Amino acid sequence: MSAAAKRSLLAGLRWTSLRLRLVVVFALVALTAAVSASGIAYWLNREAVLTRTQDAALGDFRQEMQNRAASLPLRPTKDDLQNTAVQMASSSPGYSVLLVDTRDGGKPIVGNSDLDSFTLDNVPLSLQQQVSRKQPVEAGNKYGYHLFWQRTSIRGTPYLVAGTKIIGGGPTGYMLKSLDQERQDLNSLAWSLGIATALALVGSALLAQAAATTVLRPVQRLGDAARKLGEGKLDTRLVVSGTDELADLSRTFNKAASSLEKKVADMSAREESSRRFVADMSHELRTPLTAITAVAEVLEDEADSLDPMIAPAVHLVVSETRRLNNLVENLMEVTRFDAGTARLVLDTVDVADQVTACIDARAWLDAVDLDAERGLMVRLDPRRLDVILANLIGNALKHGGSPVRVAVRTEGDELVIEVRDHGPGIPEDVLPHVFDRFYKASASRPRSEGSGLGLSIAVENAHIHGGEITAANSPDGDGAVFVLRLPRDAEQLTRTAQDHDAEVQDEEGDAT
């Protein structure tokens, strides 16, 4: 599977992906619609089925009570009730009949069409009471007794129970109609609606996936193109087809990419021209500077024998020549960093010896307190470490206060060198800019002994090692603290840079 396909798959699986949200929204809408429609359909069908069955059974029972039960003698026997109940149940199959009357003395007699399936115990007490209660006859109610019904469940099976009493004297009749067949029909309907809902859900998900693919494929291509553009492939363009909004977006992207490529090319050309100018200028200045430096050194040696009016001028020329020479060297170093041609020359060194050599070479032994144990071996570029230390310690001596303390320690795989002075510290508004090129803390003093490049070169040398330099004021308010952090072994960083250069050369070879 290609990397683009993997990214597409992972993007589709993320909860925050537009594709997944679109599928979920489609599915939820379809599920809501399907469940609502299925619920309404089930409820309407349920009511229709139960009402039709109920009305047919109640109508037939009322008619049988009028035709058969009403014709019984005033004091029927048990056999009369039994026979009439059987006839009523057999004439309209589907329900059982129970007839109840009273003998002389108030004792009840019961006639049942099916003694095993329907007894008076199956009739809810509330229904019995309602059936037996005589209603007042008035303008809105012409009859003292009415037909009442109730749905109940007996041993897990739904039933319709109804009852009424013969007006003018006669038995009370009850019917028991099983609704199990209707329940099975409604269960089958529910299963059918459930399957239809599931199919609708699956269909909506497929439809959403198709819609998402149609809509999001151009968006995905646009995202891939933007990613390539962000990686520096400024010649990335989209193939535009159609006239919809996404096509307009692709055209806008292509125009923006073209404009960006042109502007970057112009900026790169100007930057390259500026770097070449600085490099050429620095290179051209070195030859006359060498001659001027040699003459200045001769003049410095003879300064004591010169006219006292001329000696100050000679010293000024010598100091400014050295300052100009340092500036040219710093500019050439900065140019190498900007061009990406600076490389590490690694060696295994004792950090304590390296720091001591740096301090001794510049005659700072009396002004610097060193806290470093010998035997701490690291693999780095000794020359670049010397440049870093010289800039940090020199800056502390020049702008801070003596004594300057240099402490060396290790933290895990890192070498930590802390340079602390006892001066007034660094103003808070200056701290973010101490490593900027040519930055001067005081705008009223644009001219000073330094070039404004020392700390920026130090931090570049730290970066090329894979390290960092931070600046802060001491917590106790006594001076500034610069902390240098370098990996104890920069070998891996060198291999990585070499591998990267090889890959770039291979890509350039393939492109040609």
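Helices (H or I, at least four residues) and strands (E, at least two) are taken here as DSSP runs, numbered from the N terminus. The model is a predicted one, in which local features need pLDDT of at least 70 and side-chain atom pairs count only at pLDDT 80 or more, while totals for chains, interfaces and linings use all residues. Residues are numbered from 1 along each chain as its sequence is written, and side-chain values use heavy atoms, with hydrogens and water left out.

C358 is placed in helix α8. Its relative accessibility is 0%, so C358 counts as buried; the term buried means under 20% relative accessible area, exposed means over 50%, and partly exposed lies in between (1.4 Å probe, protein chains only). Leaving aside residues up to four places away in sequence, C358 touches D386, L389 and A390, where contact means heavy atoms within 4.5 Å. C358 and L389 are 31 residues apart in sequence, and their C-alpha atoms are 7.2 Å apart in space.

A nonpolar core is a set of buried Ala, Val, Leu, Ile, Met, Phe, Trp, Tyr and Cys residues joined through side-chain atoms within 4.5 Å. The largest such core has 37 residues, and those with the most contacts inside it are I417, I469 and L484. Two or more residues of this core come from each of α8 (351-361), β8 (377-380), α9 (382-399), β9 (404-411), β10 (414-420), α10 (454-464) and β12 (480-487). The largest share, seven residues, is supplied by α9. Apart from this core lies another, of 21 residues, among them L58, A85, I109 and L160.

One of the contributing helices, α10, is mostly covered, with nine of its eleven residues buried. The buried residues in α10 are G454, L455, S456, I457, A458, V459, N461, A462 and I464. After α10 comes G466, which has a positive phi, near 85 degrees.

Charged pairs come next. A salt bridge is a side-chain nitrogen of Lys or Arg within 4 Å of a carboxyl oxygen of Asp or Glu, and a search of the whole structure finds 14 of them. In one, D353 pairs with R374, and the closest N and O atoms are 1.8 Å apart. This pair links distant parts of the chain, since D353 is in helix α8 and R374 is in the loop between β7 (368-371) and β8, 21 residues apart. D353 is partly exposed because its relative accessible area is 38%, whereas R374, at 58% relative accessibility, counts as exposed.

A salt bridge also joins the side chains of D381 and R384, at 3.5 Å from N to O. D381 has 4% relative accessibility and therefore counts as buried; R384 is likewise buried, with a relative accessible area of 4%. Elsewhere, salt bridges that share partners join R409, E411, E414, E418 and R485 into one network. The side chains of R68 and E64 meet in a further salt bridge, at 2.8 Å from N to O. R68 counts as partly exposed because its relative accessibility is 29%, while E64 is buried, with a relative accessible area of 9%.

The remaining stop is the region of α5 and α6. T236 is found in the loop between α5 (180-230) and α6 (245-301). At 11% relative accessibility, T236 counts as buried. Its side chain reaches the backbone oxygen of K233 at 2.7 Å. With residues up to four places away in sequence set aside, T236 touches A225, K228, L229, F253 and A257.

Helices α5 and α6 each supply at least two residues of the lining of the largest cavity. On a 1 Å grid over the protein atoms alone, a cavity is a set of points where a 1.4 Å probe fits but cannot get out, and lining residues have an atom within 4 Å of a point. Grid points are joined across faces, edges and corners, and a volume is the space filled by probe spheres set on the points. The whole structure holds one cavity of 30 Å³ or more. The largest cavity has a volume of about 30 Å³, and its lining consists of P218, V219, L222, L246, L249 and S250.

Key
Polar contact = N/O pair within 3.5 Å; in protein donor to acceptor, adjacent residues only side chain to side chain. 1 Å grid on protein atoms, 1.4 Å probe; cavity = no way out; pocket = protein on both sides within 12 Å on 5 of 7 lines; lining within 4 Å.
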